[in-house]
Amino acid sequence: METVNVPEPEESLPSTSISNDQGLLQWISTVDHKQIGILYLLMSVLFLLLGGVAALLIRVQLSVPNNNFLSPEMYNQLFTMHGTTMVFLVMTPAILGFSVYFVPLMIGANDLAFPRMNAFSLWIGLFGGMLLYFSFLAGGAPDAGWFNYAPLNQRAYSQSSGIDYYCIGLLLVGIGTVGTSINLIVTIIYYRAKGMSLRKLPVFVWMILINSFLIVAAFPPLNAALSMLLLDRQLQTHFFNNTSGGSPIVWQHLFWSFGHPEVYILILPSFGILSEVFQVYSRKPIFGYSFIVGSGIAIALLAFGVWVHHMFAVGLGLTVYSYFAASSMLIGVPTGVKVFNWLGTMWGGSLRFTTSMLFAMAFLVEFTIGGLSGVAFAIVPIDWQLTDSYFVVAHLHYVFVGGSLFGLMAGLFYWYPKMSGKMISEKLGKWFFWLFVIGFNMTFFIQHILGIKGMPRRVYTYPDLPGYTWMNMLSTIGGFLMSLSFLLLFYILHKSYKIGKPAGNDPWDAYTLEWTVSSPPKIRNFTELPPIYSYRAFRDLKENAKNNKHGK
Amino acid sequence: MMRLVIATEAILFISLMITYVYFDLSVGFTKQSINYLDIKSTGIFSVLLFSSSFTLVQAEKNYSEGKIKKLKIWLFATIVLGSVFLFGQAKEYFKLLNNHFNISLDVFSTNFFTLTGFHAFHVIIGLILLIIVFILTLAGDFDRPNSTALSSIGMYWHFVDIVWILVFTLVYVLPYLLK
């Protein structure tokens, strides 16, 4: 047994409840990575509600043709805010929440390397999100889409101050995200348990390490673009203003050289979560550890060489297209490798179909659909035909929801007992799972067909063309099913927290170090650590104990 | 950690410089640079900024050897050189603004002020950090060579210098050489 020599205060014990001895103040002033992790998840839930309401309003507007429920101006604001919120203020905080909570626990550290910077990153991010939403009160929300193309983002086309709030809000969110990523990298490099070499790192931690490097490299182009846009709007500069020598294409290049890596930033942590979940519920080690880590690194590197596939409709010339079409197809390879890793992990294992495992298995199906429609977009003529149609909307939701969110859900049901100390009722969890899966596919699968039939995205209504009406109505009903399932989820989480069965330290018979400590963990994570022999340190410990018992 | 901060800042400047180069290709862009910018005076101020990297290395060296008095002198020299460079930038900005050359004039002015302004902003941050260390040194907090603060700030300061080498080459020297 090794003792940990990371000093940490012990005076206040964390609790997942707001009503502890120091109350709300403790939550606001906390620098403990577990409490900050939970605050990140709560922030994600808050903005999920806001972004979800925006999505529902959009679906209500689109439920019947020639609808006037929302004005075109309001519709533009809502789809912009929906996209921006879900990407920057829901997915990202959820990922960071799981990362800051579980990375130290999985590597045997007592906190992140810079606990106060961790708190700063959280609050600056929350402040950025609130600024973004304040725009509704300040004359109008941003209304040029989440990727905010020039010249629509210029004063002449968007006169409210919404886009200024978009720039400042996202700059602040970006500072927080980059700060946390730097924090995580330093923690993973310097604060691992003794004996835990990089080859013995759990796959989740590996993915977070790769992902943090991606964030550090991908956010600066966005920050540069946002600063230029703010100058354009506030000081009448000429970066993106095509009437005075500026170039809207520069915005597209800068935005997508951030935006495409961002897609992988949102999916890699889910890959990490799934790798843990598949192992534990299949009772097998991950199939091809080095391949799953190596393909993660390959994805991160390739992510910076594919951004122009978002811009095939611009007219950049055949050479550029050939290169980016090839690189975009290439990135499908490491992603495919991972899918086979997970299938191989399940193969021959004794599977346990918990809610978490169901989400992981559903991920394989949904994400493959999203991946295949993505590869279709790498083919330039198909892209020209389908770009800016509902096919894109269907594709991106299959990747973001069917991919990232399903992975995060698997993580939530896997780790909830650790974070709260209470078990979730499997019966209710499965109700949620099926309701969500059916609602999700009902909403978005039909949009593939709508897109192929030619329905453009981001238009507030549509004429009564053959098929449009019933397909949109179906999609809207699916959207309501999804929201219903989310209400059920919140009910389940609340109920489990109140009256769930106590979880114990290791309810899933799991493999990694976070399950060695109590649920929820004490403020000081570890006082002693087992020796590390592999990336399944806790399993090694349990096997050794078993063998010793039998006198071997 | 500082290396990661510098990495992310470096990519920010690369983005800004690529944008500059992109607009550089448009008509009349380099001509503006030659007409408006004063390569000689900015060149002299640039040399001062570059030498501040040298003085800071001296400060770090003396700090690691425990010579606190020399540390104070070299730190002060670094701060003075950095401030003089900023004064030079301010002088150039005021001259340009008096000639009605402002940020919203055209594509060149937009890019010039943004790129050099972002750099100047980073010099200011570096100076603030150096001044904090200087004050702490005077207060006696840097008596023994056991803090990594100075070497971290040093890394940042050298980075800001290297960025200026690139920006100065791109904005001043190349148009002058290629005219």
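What follows is a chat about a predicted model with chains A and B.

Biologist: Hi! Before we start, what should I know about the model and its numbering?
Modeller: The model is predicted, so local features need pLDDT of at least 70 and side-chain atom pairs count only at pLDDT 80 or more, while totals for chains, interfaces and linings use all residues. Residues are numbered from 1 along each chain as its sequence is written, and chains are lettered from A and ligands numbered from 1 in the order in which they are written.

Biologist: Thanks. What is the secondary structure of chain A?
Modeller: Chain A has 16 helices and two strands. Those are DSSP runs numbered from the N terminus, with helices being H or I of at least four residues and strands E of at least two.

Biologist: How much of chain A is buried?
Modeller: Of its 552 residues, 53% count as buried. Buried here needs 20 or more other C-beta atoms within 10 Å of the residue's own, exposed is 12 or fewer, and partly exposed is in between, with C-beta atoms placed from the backbone.

Biologist: Switching to chain B, what does it look like?
Modeller: Chain B has six helices and zero strands. Its C-alpha trace spans about 55 × 30 × 25 Å along the principal axes, and 33% of its 179 residues count as buried.

Biologist: Where do the two chains touch, and how many residues take part?
Modeller: In chain A, 22 residues are in contact with 18 residues of chain B, contact meaning that C-beta atoms, placed from the backbone, lie within 7 Å. On the chain A side, the elements giving two or more residues are α5 (162-190), α6 and α7. The largest share, ten residues, comes from α6(A).

Biologist: What classes of residue are on that side of chain A?
Modeller: There are 16 nonpolar, six polar and no charged residues. Ala, Val, Leu, Ile, Met, Phe, Trp, Tyr, Cys and Pro count as nonpolar, Asp, Glu, Lys and Arg as charged, and the others, Gly among them, as polar.

Biologist: How do α6(A) and α7(A) pack?
Modeller: Helix α6 (residues 203-235) and helix α7 (residues 248-282) of chain A have axes 8 Å apart, at an angle of about 165°. Axes are lines fitted to C-alpha atoms, for helices over the stretch in contact, and angles run from 0 to 180 degrees between N-to-C directions. The two are therefore roughly antiparallel; the cut-offs are under 35 degrees for roughly parallel, over 145 for roughly antiparallel, 65 to 115 for roughly perpendicular, and oblique for the rest.

Biologist: And how does α3(A) sit against α7(A)?
Modeller: Helix α3 (residues 72-107) of chain A crosses α7(A) at roughly 40°, with the axes coming within 10 Å. That makes α3(A) oblique to α7(A). Among the residues in this contact are F98(A) of α3(A) and L266(A) of α7(A).

Biologist: Last one: where is K422(A), and is it buried or exposed?
Modeller: K422(A) lies in the loop between α13 (390-420) and α14 (426-453) of chain A. It is buried, with 22 other C-beta atoms within 10 Å. Residues that K422(A) touches include P417(A), Y497(A) and P502(A).

Notes. Lists of a residue's contacts leave out its neighbours within four places in sequence.
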